[in-house]
Amino acid sequence: MAKKELKPEYQPGGAKRHVIIDKAVKYIKEFPGLQGNKHSFLVNEVGLSETEYLEALNRASNGELVRSALGD
């Protein structure tokens, strides 16, 4: 099966890229499964960058990722 291409506005730098990241946040929060599998899917299949993935993960954890990294 051929991999689907995102419309230009949803690709990195596109005007609607935030929609993809918002959906990634929902996927991380609401769908069961191992975080490693979610990471792999979002980066390898959806096309998120590592930075976008970490942003989505931080938002899904209500900022806990950044707080724990900063030692707060």
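Trainee: Not counting residues up to four places away in sequence, which residues does Lys-16 touch?

Mentor: The model is a predicted one. Lys-16 has its place in the segment before α1, and a relative accessible area of 38% makes this residue partly exposed. Once residues up to four places away in sequence are set aside, those that Lys-16 touches are Glu-9 and Tyr-10.

Trainee: Is Arg-17 buried or exposed?

Mentor: Arg-17 is found in helix α1. Leaving aside neighbours within four places in sequence, Arg-17 is in contact with several residues, including Leu-6, Pro-12, Leu-48 and Glu-52. The relative accessibility of Arg-17 is 5%, and buried means under 20%, so Arg-17 counts as buried.

Trainee: Which backbone oxygen lies 2.8 Å from a polar atom of the Arg-17 side chain?

Mentor: Two backbone oxygens may be considered here. That of Gly-47 lies 3.2 Å from a polar atom of the side chain of Arg-17. The one at 2.8 Å from a polar atom of this side chain belongs to Tyr-10.

Trainee: Why is the pair of Tyr-27 and Phe-31 described as tilted?

Mentor: The structure holds two aromatic pairs. In the pair of Tyr-27 and Phe-31, the ring centres are 5.6 Å apart and the planes stand at 35°. Planes under 30 degrees apart would count as stacked and those over 60 as edge-to-face, so at 35° this pair is tilted.

Trainee: What is the angle between the planes of Tyr-27 and Phe-41?

Mentor: Tyr-27 and Phe-41 form an aromatic pair with 5.4 Å from centre to centre. This pair links distant parts of the chain, with Tyr-27 in helix α1 (residues 17-30) and Phe-41 in helix α2 (residues 35-46), 14 residues apart. The pair is tilted, and the angle between its planes is 50°.

Trainee: Which residue lies over the face of Tyr-27?

Mentor: Tyr-27 also has a charged neighbour to consider. At 6.0 Å from the ring centre, the residue over the face of Tyr-27 is Lys-38.

Trainee: Which element gives the largest share of the largest nonpolar core?

Mentor: The largest nonpolar core has twelve residues, among them Ile-20, Ala-24, Leu-42, Leu-48 and Tyr-53. The elements giving two or more residues to this core are α1, α2 and α3 (50-60). Ala-24 touches Leu-42, Leu-48 and Ala-56, not counting residues up to four places away in sequence. The largest share, five residues, comes from α1.

Trainee: Which residue with a positive phi follows α3?

Mentor: The buried residues of α3 are Glu-52, Tyr-53, Ala-56, Leu-57, Asn-58 and Ala-60. After α3 comes a residue whose phi is positive, near 55°, and that residue is Asn-62.

How values were computed:
Residues numbered from 1 in each chain as written. Predicted model: local features only at pLDDT ≥ 70, side-chain atom pairs only at ≥ 80, totals over all residues. Heavy atoms only, no water. Phe/Tyr/Trp six-rings, centres within 6.5 Å; stacked < 30°, edge-to-face > 60°. Helix = DSSP H or I, 4+ residues; strand = E, 2+ residues; numbered from the N terminus. Lys NZ or Arg CZ within 6 Å of the ring centre and 35° of its normal. Buried < 20%, exposed > 50% of the residue type's maximum accessible area, 1.4 Å probe, protein only. Polar contact = N/O pair within 3.5 Å; in protein donor to acceptor, adjacent residues only side chain to side chain. Contact = heavy atoms within 4.5 Å. Core = buried A, V, L, I, M, F, W, Y, C linked by side-chain atoms within 4.5 Å.
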